[in-house]
Amino acid sequence: MKNTSLRDSLVERDWLADISVGGRREENALRQIYNRCFFPVLKMVNQRGGNDADGEDVFQEALVVLYEKVKSGQFELHSRLISYLLTVSSHIWSKKLRKLGKETFPVNWSEDIPALAEVDSFSEIWAEENSATFYRLMDQLNEDCRAVLMAAIWENQSMKTISQQMGYQNAQIARNKKCRCLGYLRKIFRKGE
């Protein structure tokens, strides 16, 4: 599984490089991303009250966000591409639902996350548990750990940005905090096995 995950990660990084290059390579990369990532996004939107047309719109918007970040040189892939696109799509869909007055956030923020993605850092958790369970595990962490992990993994923020937001002295402190929090999360997960 780790070899497959590593291979997938390398392929995804190649796609991002191809988007930067442009031309036929870009077209092929976008087609591959669409083939791999569209249906999980569609499923997430359908599970949260949307239809196929909504899913297509949301995926296109998420793909535009990715495309613009890659083209601007501001995108660093720290997780699986599907995880990134699902997170962006989830935010887009939630925003659309809120505008229509069809969604309010639950008291427990973990109830509204789809079980669709795999993140390299959490492959053992995602392989065995759905993401709702993952978020219940996250609820057991302190607020700082949740904030660091959400920023680093779901929002794809740099350690420098996280250190500034969290008031840490430098990016290395943020990186150390992320590693410690991942360790805490793994311990919580293993206790529940």
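Me: Which residues in H2 meet which in H3?
Reply: This is a predicted model, where local features need pLDDT of at least 70, side-chain atom pairs count only at pLDDT 80 or more, and totals for chains, interfaces and linings use all residues. Numbering runs from 1 along each chain as its sequence is written, and side-chain values use heavy atoms, without hydrogens and water. From H2, the residues include Leu-30, Ile-33, Cys-37 and Val-41. On H3, Phe-59, Leu-63 and Leu-66 are among them. Contact means heavy atoms within 4.5 Å. Helices are DSSP runs (H or I, at least four residues), numbered from the N terminus.

Me: At what angle do H2 and H3 pack?
Reply: About 135°, with axes 9 Å apart. Axes are lines fitted to C-alpha atoms over the stretch in contact, and angles run from 0 to 180 degrees between N-to-C directions.

Me: New topic. Which residues have the most contacts inside the largest nonpolar core?
Reply: Leu-16, Ile-33, Phe-59, Leu-66, Phe-75, Leu-81 and Leu-85, in a core of 28 residues. A core is a set of buried Ala, Val, Leu, Ile, Met, Phe, Trp, Tyr and Cys residues joined through side-chain atoms within 4.5 Å. Buried means under 20% relative accessible area, with a 1.4 Å probe and protein chains only.

Me: Which helices supply that core?
Reply: H1 (2-21), H2 (23-47), H3 (52-72) and H4 (81-99) each give at least two residues. H4 has the largest share, nine residues.

Me: What does Leu-85 touch?
Reply: Beyond its neighbours within four places in sequence, Leu-85 contacts Ile-33, Cys-37, Val-41, Phe-59, Ala-62, Leu-63 and Leu-66.

How values were computed. Buried means under 20% relative accessible area, exposed over 50%, partly exposed in between (1.4 Å probe, protein chains only).
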